[in-house]
Amino acid sequence: MTSRNEPATISLKSICFDYSGGQILNNLNLEIEKRDRIGLLGPNGCGKTTLSHIIMGLLTPVSGTIEIFGKRMESEKDFSSVRGKIGFMFQDSDDQLFCPTVIEDVAFGPLNLGQSPEQARQTVKRTLRSLNLEGFEERVTYKLSGGEKRLVSLATVLAMEPEFLILDEPTTGLDEQTTERLVEILTQSELGYMIISHDRDFVKRTTNKLLQLKDGQIYQADNLS
Amino acid sequence: MEMEELAVGKSWVHGIDPRLKIVIMLVFSILVALNNNIHVVTASLLLSILLIVTARLDVRFMLRRLGMVNGFILFLWFFMPFTASGENIYSLGPIDIKREGVHQALLITIKSNAIVMMGITMLGTSSVFSLIHAMSHLYVPDKIVHLFFFCFGYIHVINDEHQRLKNAMRMRGFRPRTNMHTYKSYSYLVGMLLIRSFDRSRRILQAMKCRGFRNKFYILHHYEMKKFDYAVAFSSVAFALFILVLN
């Protein structure tokens, strides 16, 4: 797709995955470049979330290979060393936010990556400012509104300064205003990302490449009007 | 669901280092529970009351909480004064009231109230998370600290889920009665909550892993004992010695 000077950010080859109900991914191939902005569409239960969890190493495929930044991923150890570089935002913010206050939650990733508490504080401040969430530091996470939770979730991911983002259904349950803000943040960001969503309008506005997951394989979805 | 009503407020008790609060609470409870001198126990109760007053806690809230405790203690008064052996102080027809029984019931009442009041003033005036945090500074094993942390952190989410399920049941005309249908429905409700919580815990762990979690928690805030905390610690030790000497 682009020049092959650097290896693909994410490269999946012949991935198969079964649930007890049957095969869900069938010889799936996918190449993602660093600056790609991909929208991944597909009906409920077609395996979009499964696919993203396989990329993050949360699920292990039955067969196939996964390469991230050109490195073959085989064990939990391989994955844990690259997870900081691929920011993953979960569908349900309540799964993502588990610390009592916003500052602790946003600092969680940076601290895990080895920043000192002082550095982590600075990172939190910077990240919150970039999302217009100044002053949220001491807010209690479970008392935030749905939209605020989603933005703080994004902050917890961005605080790790990832090189690529994967967002699982980022607009579920969001009002128009917060959705607009999310569009703004994403389109202005310099990061590449993949968005898993049903929201075609949102995907069309934020991505430039549409993929469809169907019968366990990836297809180009050219026209989605 | 509000659980930290007393934690917001500004008084000298609110400002004590949470680590110190836990230690004071623990030592106080043990000393009072093991003491059988009615004067010392009463002095402890007075100390607790003094703390409540100076911490400016909501008295009505306090009485409600104490009401719950004393509800249980009331039962003691129904039989302890009549069943102990020893000297009679009063005879109510065929029933004898024994001095030893009254004494014991009184001791238990005073002790429980003193300890509960101290617990509310010491522990209630800190947020639960700062106490959990303090526990990890006091070298409580990590597993216990994390257990508390996640229990409290997700109790709201689970409560919301519970409310949603319950409302969904009500919307479909469910009314609890004393019959098999009710028991069955409730057991489904509890079972569903358990399964959902289990699923959620799995997703939380996944989300944490995605943010670089490797089974170790790093602490962002650290506590520092101030002069004021040392003063509180010193007076607590003095009071503890006072109790021990009197004993």
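In this predicted model, the largest cavity is lined by residues of chains A and B: from chain A come A:Asp94, A:Leu97, A:Phe98, A:Cys99, A:Pro100, A:Thr141, A:Tyr142 and A:Lys149, and from chain B come B:Phe129, B:Gly153, B:Tyr154 and B:Val157. About 90 Å³ of space lies inside this cavity, and a search of the whole structure for cavities of 30 Å³ or more finds 1. The helix α6(B) gives the most to its lining, with 3 residues, and the lining as a whole divides into 8 nonpolar, 2 polar and 2 charged residues.

Helix α4 (102-112) of chain A and the helices α1 (18-34), α5 (128-137) and α6 (142-171) of chain B each supply at least two residues of its lining, and α5(B) gives the most, with 6 residues. By residue type, the lining of the largest pocket divides into 21 nonpolar, 15 polar and 11 charged.

The second largest pocket holds about 550 Å³ of space. Of the 25 residues that line it, those closest to its centre are A:Thr49, A:Thr50, A:His53, A:Asp168 and B:Arg203. At least two lining residues each come from α1 (48-55) of chain A and α7 (180-210) of chain B, with α7(B) giving the most, 5 residues. Here the division is into 8 nonpolar, 9 polar and 8 charged residues.

From these spaces the reader can turn to the packed side chains. The largest nonpolar core has 37 residues, and those with the most contacts inside it are A:Val106, A:Leu128, A:Val152, A:Leu154, A:Leu165 and A:Leu186. The elements of chain A that give two or more residues to this core are the helices α4, α5 (117-130), α6 (146-158), α7 (176-188) and α8 (200-206), together with the strands β7 (164-168) and β8 (192-196); of these, α6(A) gives the most, with 6 residues. Around A:Leu165, leaving aside residues up to four places away in sequence, the residues touched are A:Gly87, A:Val157, A:Leu158, A:Leu186, A:Leu191, A:Gly192, A:Tyr193 and A:Met194.

Terms used: Residues are numbered from 1 along each chain as its sequence is written. Chains are lettered from A and ligands numbered from 1 in the order in which they are written. This is a predicted model: local features need pLDDT of at least 70, side-chain atom pairs count only at pLDDT 80 or more; totals for chains, interfaces and linings use all residues. Side-chain values use heavy atoms; hydrogens and water are left out. Helices (H or I, at least four residues) and strands (E, at least two) are DSSP runs, numbered from the N terminus. Ala, Val, Leu, Ile, Met, Phe, Trp, Tyr, Cys and Pro count as nonpolar, Asp, Glu, Lys and Arg as charged, and the others, Gly among them, as polar. On a 1 Å grid over the protein atoms alone, a cavity is a set of points where a 1.4 Å probe fits but cannot get out, and a pocket is an open set with protein on both sides within 12 Å along at least five of seven lines; lining residues have an atom within 4 Å of a point. Grid points are joined across faces, edges and corners, and a volume is the space filled by probe spheres set on the points. A nonpolar core is a set of buried Ala, Val, Leu, Ile, Met, Phe, Trp, Tyr and Cys residues joined through side-chain atoms within 4.5 Å. Buried means under 20% relative accessible area, exposed over 50%, partly exposed in between (1.4 Å probe, protein chains only). Contact means heavy atoms within 4.5 Å.
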